[in-house]
Structures are given as C-alpha cells and as structure tokens.
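Biologist: Could we go through this model together? I would like to start with a single residue and then turn to the chain as a whole.

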Amino acid sequence: MPTDFATRHLGDAPDAIAPDGSEVRLLGALSRGSMAAFRLAPKAVSKAVAHRTVEEIWFFTAGHGRMWRRLASREEITEVAPGVSITIPTGTHFQFLCDGGEPLEAVAVTMPPWPGDEEAYAVPGIWEPTV
C-alpha cells in the first residue's frame, strides 16, 4: 500500500504528448492505476493507436467530437461530449477527432499505470490524422 499522499493541480502546459498526438496532463498514479487529462485541439484528428497491456476509461469534460474503436469484429464510432464515458479494452484500435471550435477534453484512468513509450503502437485508422 502507498505510504505517501500525492496532490497535483491541472497545469496549463502539457506534461507530455500522447502517442496519438493529444496533449497529456498527468493527474496522479498509484500501484494499480493512473489518471491523466487529455486535450485535442479544435478540428484536430488524432493518430490511430492501440495499447499492448493497459485498458482505459475516458470521461469527456469539454468539447465535442467522435471516437472510433475497433476490437476483433466489433467496430463503432461514438459521439463524445461532456458527460460521455467510454472504455478502451486492451488491444482496441482507436482514434478520435474534435468536431467543435473548442478543444475536446477528457479525463482518463489507465489500468495498470502507463508503463512507458513502448505501450502504444500505431494502427490503421479511419480518418487522416492532423497531429
């Protein structure tokens, strides 16, 4: 069990750029999961990626857009906006875009915590990426 508490404040500048091209602001991590805020600029389209070992739950907090997901024979495009939550099981191919004039923003939990640069890998998407 953790022996320390951690406190973070959402920064103005990103801590990193995700493999899909979106901005990442780290929020916290424990031994079984981590949390980050993601932002995609207005009219931007992410790169399509999949994860080798982690699964994620995203909760959209601002903006409007679409999320494409494909796993085995299941494929769908979901309209995303504040209040919408989606899951990304391990191995899911996914790509998202921002349809509106304001950034598309989400908070995501990654389980287990994000392991590093080799976790995500590029896959064929359905839209031409702009980031």
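Biologist: Is R32 buried or exposed?

Modeller: This is a predicted model. In it R32 counts as exposed because its relative accessibility is 72%, and the cut-off for that class is over 50%.

Biologist: Where is R32 found?

Modeller: R32 is in the loop between strand 2 (23-30) and strand 3.

Biologist: What does R32 touch, not counting residues up to four places away in sequence?

Modeller: R32 touches T110, M111, P112 and P113.

Biologist: Let us change topic. How many helices and strands are there in the chain?

Modeller: The chain has 0 helices and 11 strands. From the N terminus on, the order of elements is therefore β-β-β-β-β-β-β-β-β-β-β.

Biologist: Which residues touch the most other members in the largest nonpolar core?

Modeller: W58, F60, M67, I86 and L104 do, in a core of 20 residues. At least two residues of this core come from each of strand 3 (33-40), strand 5 (55-62), strand 8 (85-88), strand 9 (93-98) and strand 10 (104-111).

Biologist: What is M67 in contact with, leaving aside its neighbours within four places in sequence?

Modeller: The contacts of M67 include W58, F60, I86 and I88, and also F94, Q95 and F96. E76, I77, T78 and V80 are in contact with M67 as well.

Biologist: What share of the chain do buried residues make up?

Modeller: They make up 38% of the 131 residues.

Biologist: What radius of gyration does the chain have?

Modeller: The chain has 14 Å, which agrees with a compact globule, because with 131 residues such a globule would have a radius of gyration near 14 Å. The C-alpha trace spans about 45 × 35 × 25 Å along its principal axes.

Biologist: What is the accessible surface of the chain?

Modeller: The accessible surface comes to about 7500 Å², and 57% of that belongs to carbon and sulfur atoms.

Biologist: How many Å apart are the mean positions of the positive and negative charges?

Modeller: The mean positions of the 11 positive and 17 negative charges are 3 Å apart.

Methods: Residues numbered from 1 in each chain as written. Predicted model: local features only at pLDDT ≥ 70, side-chain atom pairs only at ≥ 80, totals over all residues. Heavy atoms only, no water. Core = buried A, V, L, I, M, F, W, Y, C linked by side-chain atoms within 4.5 Å. Buried < 20%, exposed > 50% of the residue type's maximum accessible area, 1.4 Å probe, protein only. Helix = DSSP H or I, 4+ residues; strand = E, 2+ residues; numbered from the N terminus. Contact = heavy atoms within 4.5 Å. Rg over C-alpha atoms; globule rule 2.2 N^0.38 Å. Areas by Shrake-Rupley, 256 points an atom, 1.4 Å probe, with all protein chains shown as cover. Lys, Arg positive; Asp, Glu negative; His and termini not counted. Charge placed at Lys NZ, Arg CZ, Asp CG, Glu CD.
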